[in-house]
Amino acid sequence: MTTPQDSSHDQVRRSVAEQYTAALERSQTRGAGGCCSGPAPCGAAAALAGYDAPDEALSGAASCSFGCGNPLSFAEVLPGQTVVDLGSGAGYDLLVAAQKVGAEGRVIGVDMTDAMLEAARINVQNAGAHQVQLRKGVIEALPIAADQADWVISNCVINLSPDKPKVFEEIARVLKDGGQFRISDIVAEDLPAWLKSSEIAYAACVAGALPEALYLQGLRDAGLQDVQVVARLTYDAAQIRALIESDFADAGIDAAQWEALLAQVDGKVASITVTGRKETAPRACCGGQC
Ligand SMILES: C[S@@+](CC[C@H](N)C(=O)[O-])C[C@H]1O[C@@H](n2cnc3c(N)ncnc32)[C@H](O)[C@@H]1O
């Protein structure tokens, strides 16, 4: 049975998917590097994500990255392991993960936006990364069986979810016992109402962002352990303006007004990278002998 909450969640996801389809089209018409240089959703954040220069096989995917961090730089992924990427977009982190797991490993990218999945399919094919699978689905109900992943990664996606507790539960479900997660995402403290109600600021990864303490608690409430922030980049006013200003292009906001608005959000939005793991199950005991 569909509840009113399901349909409002679907509406949020539809709006996000539409805006990422449009952002991807803009980035593709601008050419390489385009989506990291303009006011597309998360594009300005991606420019700050801190990747090394990609090698040639990955440059197509890198130019369409909408991430806000580099979760895999904190993951000691080994050959043969399984990595699941929540909201894999055009596939850059999938390809970096594929290099780490090698031909014997497995990388599964989940995204809900057809245009992103198609861009990722082309990037994966061009890179010859046969170990990468793309699955269409929502991160609140991952199309993945339980206990599959050595690593769950996600880059600038969970802030976009209308049901973040469900996403945290899904991370715990698909991780193997002892499996680990590395998440880069946006957090925000005490945002003003004008910003929280902007659909574009939502798709730009700002308006839907949780306060950091709630984010970390949400992961712990899902049963995940050793939850800690290992990197943080706090955005200044100019960086936040680059993320949101396209929404206000027709509002006739002059320089002084921008300054006043941005003073309300200066220092309140940050990209963090969070690490943690799923508890290792206790060994079965047999006749009192463990
Ligand atoms: C900011 S982009 C990040 C993409 C990619 N992780 C990267 O670093 O380039 C957000 C991506 O998450 C996807 N997405 C957003 N909400 C989602 C949801 N609830 N379920 C599945 N995918 C979602 C969007 O389609 C988009 O591809």
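Mentor: A residue is called buried if 20 or more other C-beta atoms lie within 10 Å of its own, and exposed if 12 or fewer do. The model is predicted. By that cut-off, 45% of the 290 residues of the chain count as buried.

Trainee: What makes Cys205 count as buried?

Mentor: Cys205 has 29 C-beta neighbours inside 10 Å, and the cut-off is 20 or more, so Cys205 counts as buried. Its place is in the loop between α8 (199-203) and α9 (212-221).

Trainee: Is Asp190 buried or exposed?

Mentor: Asp190 has 8 other C-beta atoms within 10 Å. The limit for exposed is 12 or fewer, so Asp190 is exposed. Asp190 lies in the loop between β5 and α7 (193-196).

Trainee: What is the phi of Asp190, and what is the phi of Cys205?

Mentor: Phi of Asp190 is near 50°, and phi of Cys205 is near 75°. Each is a positive value in a residue other than glycine. Most residues other than glycine have a negative phi.

Trainee: Why is β7 described as largely enclosed by the rest of the structure?

Mentor: Of the 10 residues of β7, 7 are buried, so the strand is largely enclosed.

Trainee: How do you know that β7 pairs with β5 and with β6?

Mentor: Two strands pair if there are at least two bridges between them. Strand β5 (residues 175-188) and β7 have 9 bridges, while β6 and β7 (residues 269-278) have 8. Both values meet the cut-off, so both pairs stand. The sense is antiparallel for β5 with β7 and for β6 with β7.

Trainee: Which residues have the most contacts inside the largest nonpolar core?

Mentor: That core has 80 residues, and the ones with the most contacts inside it are Val83, Leu95, Ala97, Val152, Ile171, Ile186 and Val206. Its largest share, 7 residues, comes from α4. Residues up to four places away in sequence aside, Val206 touches Ile186, Ala188, Leu195, Ala201, Leu243, Ile244 and Val269. In soluble globular proteins, nonpolar side chains tend to be buried together.

Trainee: Which residues come nearest to the ligand?

Mentor: Of the 26 residues around the ligand, Gly67, Gly87, Gly89, Thr113 and Asn155 come nearest. The elements giving two or more residues to the shell are α1 (4-30) and α4 (92-101); α1 gives the most, with 4 residues.

Trainee: How many residues of each class are in the shell around the ligand?

Mentor: The shell has 14 nonpolar, 8 polar and 4 charged residues.

Key
Residues numbered from 1 in each chain as written. Predicted model: local features only at pLDDT ≥ 70, side-chain atom pairs only at ≥ 80, totals over all residues. Near = placed C-beta within 6 Å. Nonpolar A, V, L, I, M, F, W, Y, C, P; charged D, E, K, R; others polar. Core = buried A, V, L, I, M, F, W, Y, C linked by C-beta atoms within 7 Å. Contact = placed C-beta atoms within 7 Å.
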